Amino acid sequence: MIDGSGYIFRAFFALPPLSTSRWMPTHAVYGFIRMFLKLIKEQHPSHIALIFDSPRRTFRDDLFADYKANRSEAVNGVLPDLVCAAAQARCAAN
């Protein structure tokens with residue numbers, strides 16, 4: 001199981017801003033894919049479950065009041081990277 005949201009946020013904050021010629025940010029997607037491919041190359045998993053946090057309230061919020069208490073709101077600009085990373089991961093896993 002891979003924490004896709006965690007990978008995206010790690011890459012978003014760890015890498016310098018990168019973008020396409022049309023100024024679409026790509027640094028979080030680039031970092032995410034690099035980490036994802038490295039994991040596949042080194043671990044050779046037979047199955048992969050890539051999990052992304054839901055933007056909506058879930059049962060975890062009801063079970064544990066402090067769920068995500070230490071997390072800030074999503075940073076401006078990271079949402080398109082989340083969508084793109086999920087699509088790229090589907091392609092890379094096939």
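These legends accompany several close-up views of a predicted model.

**View 1. The largest nonpolar core brings together twelve residues.** Look here for Ile2, Tyr7, Ile8, Ala11, Phe12, Ala28, Val29, Phe32, Ile33, Met35, Phe36 and Ala85. Helices α1 and α2 each contribute at least two residues to this core. Which helix gives the largest share? That is α2, with six residues. As a general background, nonpolar side chains in soluble globular proteins tend to be buried together.

**View 2. Ala85 and its contacts.** Ala85 is one of the residues of the largest nonpolar core. Which residues does Ala85 touch, once its neighbours within four places in sequence are left aside? Ala85 is in contact with Ile8, Val29 and Phe32.

**View 3. Trp23 has a positive phi.** Most residues other than glycine have a negative phi. Trp23 is not a glycine, yet its phi is positive, at about 70 degrees. You can find Trp23 in the loop between α1 (4–14) and α2 (27–43). Is Trp23 buried or exposed? Trp23 counts as exposed because its relative accessibility is 71%, and the cut-off for exposed is over 50%.

**View 4. His44 also has a positive phi.** For His44, which is not a glycine either, phi is about 50 degrees. Where does His44 sit? His44 lies in the loop between α2 and β2 (50–51). With a relative accessible area of 61%, His44 is exposed.

Key. Residues are numbered from 1 along each chain as its sequence is written. This is a predicted model: local features need pLDDT of at least 70, side-chain atom pairs count only at pLDDT 80 or more; totals for chains, interfaces and linings use all residues. Side-chain values use heavy atoms; hydrogens and water are left out. Helices (H or I, at least four residues) and strands (E, at least two) are DSSP runs, numbered from the N terminus. Buried means under 20% relative accessible area, exposed over 50%, partly exposed in between (1.4 Å probe, protein chains only). A nonpolar core is a set of buried Ala, Val, Leu, Ile, Met, Phe, Trp, Tyr and Cys residues joined through side-chain atoms within 4.5 Å. Contact means heavy atoms within 4.5 Å.
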